[in-house]
Amino acid sequence: MVAIIIVLVIVIALIVANIRVVQQARAFVIERLGAYKETWNVGLHVKMPFIDRVAKIVSLKEQVADFPPQPVITKDNVTMQIDTVVYFQITDPKLFTYGIEQPMVAIENLSATTLRNIIGDLELDQCLTSRDIINSKMRSILDEATDPWGIKVNRVELKNILPPKEIQNAMEKQMKAERERREAILRAEGEKRAAILEAEGEKESAILRADAKKQQQILEAEGEAQAILKVQTATAEGIRLINEAAPSDAVLRIKALEAFTSAANGTATKIIIPSEIQGLAGLAAGVIEATKEK
């Protein structure tokens, strides 16, 4: 009875020991007598004791492999240090287990050789400005090469590109010169714009001054024209009134004499007296003498 109990305990212990629970995002590769039997996915599984064994536990999560910098030579013979980061995921646990020995070492060496081949066809400037193209080419090549290993390469990123120190110094000087050139261009454009605005301001000011002077001359001319018109109108009116009064010759001669008297009171040093006025002056002198005698 005791022996039976012991046997039952041993059987139960063996069964419990061979019960395995597969967690999420994991897979168990099971071998039976050294040969591949099946792949366990998420859930509760029981293996045959002493016959089945878990050959490998595989993570199905996306993984990151950060490889150390690799020396590469560009098309223009510049040696650079480039380190890559590979994002991959195991899609077939069986192929990953039996497809290749040390798959991570294989991926590292494959990424290094692929990177050297791609960079070898590019010059330094292209390498620094074509990261997306290099990443895309490496991802495509690595993904195709790792398919037989049950690995899918999702992304490849160039983490750092380190040219030699001399090249870095030359690049820094070039960047500094380019910044100074842009600064000089911007300053020149600003000065040009300021000069244009100043010239436009002076032009508009000159136009306004000329327009104001023109308006002033127009107003002065209009004022003079109106004054002349008024004088001519008054003169015409005076002539009309004289004509309507029909003055005699004696009156006209006396008016002429008055005008002569006014002219003589001026600043003129030489006066030409018409003969008619001379006769009229003699007549006037005679009238005055006759008056005195009386």
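Patches are made of residues with over 30% relative accessible area and no salt bridge, like charges being joined within 9 Å and nonpolar side chains (Val, Leu, Ile, Met, Phe, Trp, Tyr) within 5 Å. A salt bridge is a side-chain nitrogen of Lys or Arg within 4 Å of a carboxyl oxygen of Asp or Glu. This is a predicted model, in which local features need pLDDT of at least 70 and side-chain atom pairs count only at pLDDT 80 or more, while totals for chains, interfaces and linings use all residues. Residues are numbered from 1 along each chain as its sequence is written, and side-chain values use heavy atoms, with hydrogens and water left out.

Q: Which residues form the nonpolar patch on the surface?
A: Val7, Val11, Ile15, Ile19, Val21, Leu44 and Val46 form this patch, with about 610 Å² of accessible area together (Shrake-Rupley method, 1.4 Å probe, only the protein chains shown counting as cover).

Q: Which element supplies the largest share of the nonpolar patch?
A: H1 does, with 3 residues. Helix H1 (2-17), strand E1 (19-22) and strand E4 (43-46) each supply at least two. Helices (H or I, at least four residues) and strands (E, at least two) are DSSP runs, numbered from the N terminus.

Q: Why is Leu44 called exposed?
A: Exposed means over 50% relative accessible area, buried under 20%, and partly exposed in between (1.4 Å probe, protein chains only). Leu44 has 60%, so Leu44 is exposed. Leu44 lies in strand E4.

Q: How many bridges join strand E2 to E5?
A: Two strands pair if DSSP finds at least two bridges between them. Strand E2 (residues 26-32) and E5 are joined by 7 bridges and run antiparallel, so they pair.
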